[in-house]
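Hello,

Here is the structure you asked about. My notes on the helix packing follow below.

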Amino acid sequence: MDVRRPEGQQSLVDWASSIQSNRKNLKEIMDPRLEHNYSVQGAFECVALALRCVANKPKDRPSSEEILQSLEQIYALYK
């Protein structure tokens with residue numbers, strides 16, 4: 001929780017979850033120094049992976065090995 005953020009954005013997990021449903025929200029979290037030199041689809045897959053990592057139930061979270069494999073697959077597909 002970040003109580004300094006505006007209402008509706010205080011739960012960072014909820015706020016990040018909204019990115020999956022609206023592609024233009026992706027620009028809000030991407031580092032502008034990347035100058036749009038990234039795959040939008042790859043970025044969305046990383047968002048989905050990150051959201052799995054903060055799942056409420058620990059058994060729903062991926063293992064470190066699963067995370068690494070997912071990131072390697074995303075990299076291979078969108079580099």
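**Helix packing**

Val13, Ala16, Ser17, Ile19 and Gln20 of α1 meet Phe44, Val47, Ala48 and Leu51 of α3. Contact here means heavy atoms within 4.5 Å. By class, this contact has seven nonpolar, two polar and no charged residues. Ala, Val, Leu, Ile, Met, Phe, Trp, Tyr, Cys and Pro count as nonpolar, Asp, Glu, Lys and Arg as charged, and the others, Gly among them, as polar.

A word on the source. This is a predicted model, where local features need pLDDT of at least 70, side-chain atom pairs count only at pLDDT 80 or more, and totals for chains, interfaces and linings use all residues. Residues are numbered from 1 along each chain as its sequence is written, and side-chain values use heavy atoms, without hydrogens and water.

Helices are DSSP runs (H or I, at least four residues), numbered from the N terminus. α1 and α3 pack at about 145 degrees, with axes 10 Å apart. Axes are lines fitted to C-alpha atoms over the stretch in contact, and angles run from 0 to 180 degrees between N-to-C directions.

Which residues of α1 (residues 12-21) are buried? Trp15, Ala16 and Ile19 are (buried: under 20% relative accessible area, 1.4 Å probe, protein chains only). They pack against α2 (26-29) and α3. On the other side of α1, Asp14 and Ser21 are exposed (over 50%).

The axes of α3 (residues 40-53) and α4 (residues 64-78) come within 10 Å and cross at roughly 175 degrees. The two helices are therefore roughly antiparallel (over 145 degrees).

Best wishes

Conventions
Parallel < 35°, antiparallel > 145°, perpendicular 65-115°, else oblique.
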